[in-house]
Amino acid sequence: MKRFKEIYDYRQMIFSLVRKELRGRYKGSVLGFFWTFLNPLLQLLVYTMVFSTIMRSGIEDYYLFLFVALVPWIFFSSCVTGGATSIMNSGDMIKKIYFPREVMPIAYVTSAFVNMILTFVVVFAVLIVSGYGMNARALLYLPIIMIVEYLLGLGIALLTSALTVFFRDLAYILGIVAMAWQFLTPVMYSQEMVEEALPAGMLKIWNMNPMTPMINAYRDILYYKTTPQLSTLAVAVVLGIVILVIGEIVFVKLQRGFAEEL
């Protein structure tokens, strides 16, 4: 609680860094902030063309099936890759002034989270314009899942940002890890396809992926228009909190050597 209070005291610094990150993300580009919406739409176009035309998935309204999972995945992927360098990129500031070092990964993850929320405006627009619609009762669970994913992404960012200071190659390795992780998560295919393909033993190992219950919950709410299963929701909450705690413990232990390594 003492650590949490200290971070809270620096909330204005976090807000300032979030604003800076959001303003500078597409600075100098012609389309600027519109890339927030165009990036997931272009990825959606590519994946839909591949899996609906070339490698037929057989899933009804596949573009919606994919879109509602792709947006939260992009947020998580950015936490894995971009969050890892949040401490390294702030080396000069860390050497000169004192502040809780967690401020940097928190600011990065929060800016990516805001970006995801804005992108969900496009998701809702597509659901409405296409006539697919939404379930108001199911939507009540969406903020819970989003907050849990934020905690999970923050835990990953705390862990990787601390480790990357001492092992610089990790920043490059995580790009490959994120790509492999996406294919091991039911983003482009359904949970049912995995359950049919894998034996019970391997399925238990596969379900240990913390993003699996997250993606399934998003899809339940927005694609299947139903409330998430209680077991799915509980697993997501527990995994998010556990990874956040682990990330903070590792971060606190390693942060003493940041100044020397940077």
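Predicted model: local features only at pLDDT ≥ 70, side-chain atom pairs only at ≥ 80, totals over all residues.
User: How many aromatic pairs does the structure hold?

Analyst: The structure holds twelve aromatic pairs.

User: Why is the pair of Phe65 and Tyr223 called edge-to-face?

Analyst: The ring centres of Phe65 and Tyr223 are 5.2 Å apart, and a pair needs centres within 6.5 Å. The planes stand at 85°, and the class edge-to-face begins over 60 degrees. Both conditions hold, so Phe65 and Tyr223 are an edge-to-face pair.

User: What makes this pair a link between parts of the chain that are apart in sequence?

Analyst: Phe65 belongs to helix H4 (residues 62-81), while Tyr223 is in the loop between helix H12 (211-222) and helix H13 (230-254). These parts are 158 residues apart in sequence, so the pair ties them together. Phe65 and Tyr223 are both buried.

User: Why is the pair of Phe75 and Phe113 called edge-to-face?

Analyst: The centre-to-centre value for Phe75 and Phe113 is 5.7 Å, against a limit of 6.5 Å. Their planes make an angle of 65°, and over 60 degrees counts as edge-to-face. The label therefore applies to Phe75 and Phe113.

User: Which parts of the structure does the pair of Phe75 and Phe113 tie together?

Analyst: Phe75 is in helix H4 and Phe113 in helix H6 (residues 103-129), so the pair ties together parts 38 residues apart in sequence. Phe75 and Phe113 are both buried.

User: Which residues form one aromatic cluster with Phe65?

Analyst: Tyr62, Tyr132, Tyr223 and Tyr224 form one aromatic cluster with Phe65.

User: How do you know that Lys225 is over the face of Tyr132?

Analyst: Lys225 lies 4.6 Å from the ring centre of Tyr132, and the limit is 6 Å. The test also asks for a position within 35 degrees of the ring normal.

User: Why are Lys225 and Asp61 called partly exposed?

Analyst: The relative accessibility of Lys225 is 31%, and that of Asp61 is 30%. Buried means under 20% and exposed means over 50%. Both values fall in between, so Lys225 and Asp61 count as partly exposed.

Terms used. Residues numbered from 1 in each chain as written. Heavy atoms only, no water. Phe/Tyr/Trp six-rings, centres within 6.5 Å; stacked < 30°, edge-to-face > 60°. Helix = DSSP H or I, 4+ residues; strand = E, 2+ residues; numbered from the N terminus. Buried < 20%, exposed > 50% of the residue type's maximum accessible area, 1.4 Å probe, protein only.
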